[in-house]
Amino acid sequence: MSSTPEFIEAHEAQRLRGSPVRRREDRPMLTGDAQYTDDISREDLLHLAFTRSHHAHARVEAIDTSAAEAMEGVVAVYTAADVAASGVEGEVPPVWLLPELKTPPYPMLARERVRFQGQPVAAVVAERRYLAADAADAIDVTYEKLDAVTSPGAATTEGAPQLHEEAPNNVAAEWEIGDKEDTDAAFDRADHTVELDLVNQRLLPTAMEPRAVLAEYNASTEKATVHMSTQCPHLHRRFFCEMLDFPEHRMRVVAPDVGGGFGSKDSAHPDEALTIWAALQLEQPVKWVATRTEGYASTGHGRGHETHAEMALSDDGDILAIRVHTDGDLGGYVSTFGALNPTWGYAPMLPGQYAMEAMHCTVTEAFTNAVPTEPYRGAGRPEASYVIERLVHLAAKEVEMDPADLRRRNYIPSDEFPYETTTGYLYDSGDYEKPLDRALELVGYDDLRARQAELRAEGRYLGIGISSYVESCGYGPSEIVGQIGGQLGLWETGVVRFHPSGKVTVFCGTSGHGQGHQTTYAQIVADELGVDFDDVDVVEGDTDEVPMGMGTYGSRSVTVGGAAVLTSARKAVEKARQIAAHQLEVATEDLEFESGEFSVTGAPDRAIHIQEVARQAYLAHDLPEGLEPGLEEESFYDPENLVYPFGVHVVVVEVDADTGELSFEKYVAVDDCGEQINPKIVEGQVHGAIAQGLGQGRFEGVVYDEGGNLVTGSMQDYAVPKAHQLPHFETDHTVTPCPHNPLGVKGVGEAGTIAAPQAVVNAVCDALSPLGVDHIDMPVTDEAVWQAMNRAAATDGGAE
Ligand code: MCN
């Protein structure tokens, strides 16, 4: 059941904003007309393939490229020496810096050492794709194998293999937030404390389309054109120009259709940059498309936290403080946004929805012999929400309160917003009890608890897992981004261009890749201008067409990009108003504007439609004195603050008492992302993200063996959930508008990923609470559950 109606056609909507208008981007996907990077070809196209390290940690002693070079059809073979000879440094730029962060060079091709399995060591360019792959295989690299370490906790203990000379004990940065003294004092006074060691496991981003690049260079115009599967063409242009010392104004980056990103397509990667570099060297188009296995071994992994967390409580269930230490796994190098995830992307959100006196969190960012970590849907916020919601689950048990009641008791009251948390974040608006009430109602909480008790008496394990979350998204504002280490501004641009015919093209610096911006931005602008939905087209994802932009990630597009296009639409109306007033020979104040029509107050027959005004603006025969011709407006929108969506998800599971087999009974999600532009798209986002969150909670997890070999290197070994393994999602929402956003919106793209994992783990621990199972690390596979039950039984019986 869903509370939102089915999609409707735009002309059926009374008002476009807020209506479930059919996604216009679906047709090309469904008809096969969509064009992904790998669909693009050129007559003289060359193909690139990489020789990647088999070892997690090794010294590169020699690279013999002779066999590859001798193969007919091989055009070039490259190693780090060739890159150096070209005078290019080619190092991935870390754009999130922390004080004293160690940033050893992350080169396009490994120099004297490899630090994770899958790191590119050499590259081959050939006339055919399979030939390039064969030739890459024929490159003989002699390694001196070194010991590897793949856990951030182990990497920073004495005697661990050392990755970088610049980073003794593999520590990239030590970081903290909160007040240690106040926190310790709260713990000293606490009636109860609970604590927990947990792992938030590494995840593999599994976009339908792997990373892909097609790079071209025109020697006559000295211009490079890069088609790539990207979430942020302008940022990628900046990164690659920095890496390759190439003039930014001569590089065009285009995102064709992009088959999903989930954060994995917003960083710069060595292989992408090397492909562009090769095209510049050869002055011929070069394409590289990752295979699935290659993508798993080289695209930034998500998460990777090892955490010790404690909570202090009073006797009557007040949360006093939390104390957390996290070892954050950076992998072999600091990726573009790597340093952000375990620090600013995570710890400020640890208090969740709860008012507490104090918090303190320390983070050690560690190098390990694993793929560098990067933002992955949620990027720090799922990790934070997991910690606090697991602690709350334990705390309820400790103080013998119902977990829903404990949450309710500690929620920040709705009349205290905007609310400054102990981490200094200013939550914009919130009404946390509403989604809790609705979720409990939808799930039938009271009845469920009664049924749980009955089933327990029969030896059956029913579990109810509550996850109550608040997240921060909608990145910027730029000033704060700068204060917390970001080497970028996080504004967004929006251009609204009327054509002389009255049709409208909207350009936005975000770069949708599945989120439905073509539809939602058109809803925003068409409504504001009072023109037909079909008269408005949206362009994103091309640095030559869209003046500037920061891209799509951090659930920022509708809050920042949407606000930018709205602002430009408003500016266009204001300019049109001047022209209309001039033509109707009245003062601008005497004009009303409704449904696209400017009419004279008190004389509604004297009117002119904005699309006719557009024609006049371009004819420019009779404009107000001093007014420029044309009707096109641009805005750089820099938000006032982050936005803080929230919600409650509840999952009901049953665990088979004999086998540990877990079955989902119900999944209820009540989310609040403020005003919704398109409720059906919001619902789709919630569905997709819950699927990914349940993937983490129940199925997925990167496994490295002791030698640093990626054991889950293919889809045969890495368990991306399938539709039939997921429960039916029952969704609903509450609406608490964002007070500082002109649309009242908050982001929604990551909410489900943030809420779902702990809902599952809490449910399983709730089910097995009679056995004394308090925690199971994710993924809670049937086997993990069975082992936890056995461990509990063994402990209980005093055996072993
Ligand atoms: N929306 C709305 N009303 C709101 C909030 C959002 O109508 N109050 C709509 C927006 O207009 C937009 C969509 O919902 O069409 C998502 O908006 P937003 O929350 O702003 O998120 P972004 O568009 O910035 O998308 C980024 C977010 C992230 S961070 C990841 S990761 C993610 C995700 O979106 N990756 C995705 N959703 C994805 N969906 C698909 N299909 N593929 C991915 O790779």
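The structure is a predicted model, in which local features need pLDDT of at least 70, side-chain atom pairs count only at pLDDT 80 or more, and totals for chains, interfaces and linings use all residues. Residues are numbered from 1 along each chain as its sequence is written, and side-chain values use heavy atoms, with hydrogens and water left out.

**Ligand site**

- Helices (H or I, at least four residues) and strands (E, at least two) are DSSP runs, numbered from the N terminus.
- A backbone N or O atom of Gln515 lies 2.6 Å from an oxygen atom of the ligand.
- A polar backbone atom of Gly261 is 2.7 Å from an oxygen atom of the ligand, and a polar side-chain atom of Ser557 also lies 2.7 Å from an oxygen atom of the ligand.

**Four-stranded sheet**

- Four strands form an open sheet with mixed pairing, in the order S18-S26-S27-S28; two strands pair if DSSP finds at least two bridges between them.
- Strand S18 (461-470) and strand S28 (729-733) are the edge strands, each pairing on one side only.
- From one strand to the next, the twist averages 15°; axes are lines fitted to C-alpha atoms, for helices over the stretch in contact, and angles run from 0 to 180 degrees between N-to-C directions.
- Strand S26 (residues 646-655) and strand S27 (residues 662-672) run antiparallel and are joined by 10 bridges. Val653 has Phe664 in S27 as its bridge partner.
- Helix H12 (residues 433-443) packs on this sheet and touches S18, S26, S27 and S28, with its direction at about 145° to that of S27. Contact means heavy atoms within 4.5 Å.

**Seven-stranded sheet**

- A further open sheet has seven strands in the order S3-S5-S1-S12-S9-S10-S11, again with mixed pairing.
- Its edge strands are strand S3 (74-78) and strand S11 (251-254), each of which pairs on one side only.
- Strand S9 (residues 212-218) pairs with strand S10 (residues 223-228) in the antiparallel sense over six bridges, and Val213 has Met228 in S10 as its bridge partner.
- Helix H7 (residues 233-244) packs on the sheet, where it touches S10 and S11, and its direction makes about 140° with that of S11.

**Hairpin**

- Strand S22 (residues 591-594) and strand S23 (residues 597-600) run antiparallel and are joined by four bridges; Glu594 has Glu597 in S23 as its bridge partner.
- Two residues lie between S22 and S23 in this hairpin, and Ser595 in the turn has a positive phi of about 50°.

Conventions
A polar contact is a pair of N or O atoms within 3.5 Å; within protein, one must be able to donate a hydrogen and the other to accept it, and residues adjacent in sequence count only if both atoms are side-chain atoms.
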